[in-house]
Every structure is written in C-alpha cells, then in structure tokens.
Amino acid sequence: MTDDIKKGLIIFARKPVLGKVKTRLAATMGAEKALNIYKRLLARTHTVASAAHCERFAFLTEKDEDDFWKGFSCELQTGESLGDRMHAAFSLLFSNGYERCIVIGSDCPGLTTFIIDNAFESLKLNDIVIGAAEDGGYYLLGMKKLHSSLFKNKDWSTKYVFAQTVKDIQEHGLPYKTMPVLTDVDEEKDVPPEWL
C-alpha cells in the first residue's frame with residue numbers, strides 16, 4: 001500500500017532577512033516590499049506543504065530561531081552550488097530510508113498540495129517527476145533513488161536548467177512525468193497582482 005511508503009518533502013528556503021532575500025525584486029520594489037512578498041511566499045509554501053501526505057523537511061540557509069517551521073524537521077543546506085545543496089538534501093533523506101523524495105522551493109505562489117501529492121503518486125510509475133517554472137528553471141523535482149547526475153553540470157539560476165535536466169533524464173533512459181508549468185517569483189512582473 002502506498003501509505004506504507006516513506007515519503008519526504010524537502011523545502012528549500014531562506015531566512016527572511018531584509019536585504020538578503022528576493023534581491024531582483026528589491027532592485028525595482030525596494031528591500032522592504034521584497035521581504036514582505038518573500039514572507040507571503042514562505043507562508044503559502046508552509047500551508048501547502050503542511051497539508052501534503054508526507055513527512056516534511058525545511059532545509060534552510062541559516063538557523064532559524066523562531067518556530068515558523070515547527071512541525072517540520074529542520075536541516076541546514078550544505079554545499080556550494082544549488083545542485084550540491086539539493087544533492088546533499090536528497091542524499092540525507094534516502095540514507096534515512098525514504099523511498100520517494102521531492103524538493104520544492106519557496107518562490108512559487110501557484111504550487112498546491114494537490115500538485116505535491118500528485119507528484120508523489122506519479123513516482124509509483126516513474127523514476128523522476130519534474131515541474132517546470134516559466135523562467136526555464138524548475139519548482140519541483142522528485143525521485144525514488146538518488147540520481148547524482150541531475151545535480152551536476154547545470155547552469156543554475158538560468159533559463160536552461162529545466163531543459164538541461166530533462167535532457168539528462170532522457171539520456172539516462174529514466175521514465176519521468178512533468179507537472180504543470182508554474183511561475184516562480186523572481187521579478188516584479190512575477191508577483192501576483194493582488195499581492196502588490
């Protein structure tokens with residue numbers, strides 16, 4: 001039964017500190033507004049993740065002293081590149097007996113609990129599940145075992161990441177499923193109008 005499968009959701013997030021988050025947003029909107037938008041994104045991610053049928057892990061850039069992530073297992077991100085940090089997070093969960101693992105960011109207002117649960121379900125029949133962001137990156141990546149190559153030789157934080165990753169998946173002959181394309185909030189044009 002699927003309920004017996006150990007499923008782990010990895011959330012990559014930054015500590016919401018003025019001037020340290022959403023720097024591209026801050027360039028046009030100011031640091032204060034960018035911080036407020038990031039806090040809204042974090043709150044939305046927290047709500048969506050909390051309702052998903054899995055165990056939840058918040059991988060943070062630095063230790064958080066408040067209890068925002070209470071109920072989540074908190075870890076620190078380790079590694080130089082984003083690929084190194086994701087690889088380390090997946091490695092940790094797989095080494096702890098998790099059989100399906102998914103990573104999401106905290107920049108995606110369109111992400112829903114249904115998409116996360118559906119992604120875990122899709123790993124029944126597929127080795128990889130991936131959700132493209134409109135900017136060419138991805139907002140979700142899931143797998144049943146560690147595929148290290150997916151985290152190497154990528155142009156992180158560019159419009160090529162999704163295409164490079166899918167090419168890698170195809171070259172390794174891995175069955176995969178794509179999730180709906182969503183928007184990551186990086187610039188002012190990406191912010192939901194009702195948040196402005």
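I start with a residue pair: Ile128 stands opposite Met143 in β6. This is a predicted model, where local features need pLDDT of at least 70, side-chain atom pairs count only at pLDDT 80 or more, and totals for chains, interfaces and linings use all residues. Residues are numbered from 1 along each chain as its sequence is written, and side-chain values use heavy atoms, with hydrogens and water left out.

Strands are DSSP E runs of at least two residues, helices H or I runs of at least four, both numbered from the N terminus. Two strands pair if DSSP finds at least two bridges between them. β5 and β6 pair antiparallel over 5 bridges. They form a hairpin with 4 residues between them, and Gly136 in the turn has a positive phi of about 100°. With strand β7 (residues 176-182), β5 pairs in the parallel sense, over 5 bridges; there, Ile130 stands opposite Thr178.

Buried means under 20% relative accessible area, exposed over 50%, and partly exposed in between, with a 1.4 Å probe and protein chains only. In β5 (residues 128-133), 6 of the 6 residues are buried, so the strand is largely enclosed by the rest of the structure. Ile128, Ile130 and Ala132 point one way, and Val129, Gly131 and Ala133 the other.

Now Asp168, which lies in helix α5 (residues 161-171). Buried or exposed? Asp168 is buried, at a relative accessible area of 10%. Its side chain makes a polar contact of 2.7 Å with that of Lys154. A polar contact is a pair of N or O atoms within 3.5 Å; within protein, one must be able to donate a hydrogen and the other to accept it, and residues adjacent in sequence count only if both atoms are side-chain atoms.
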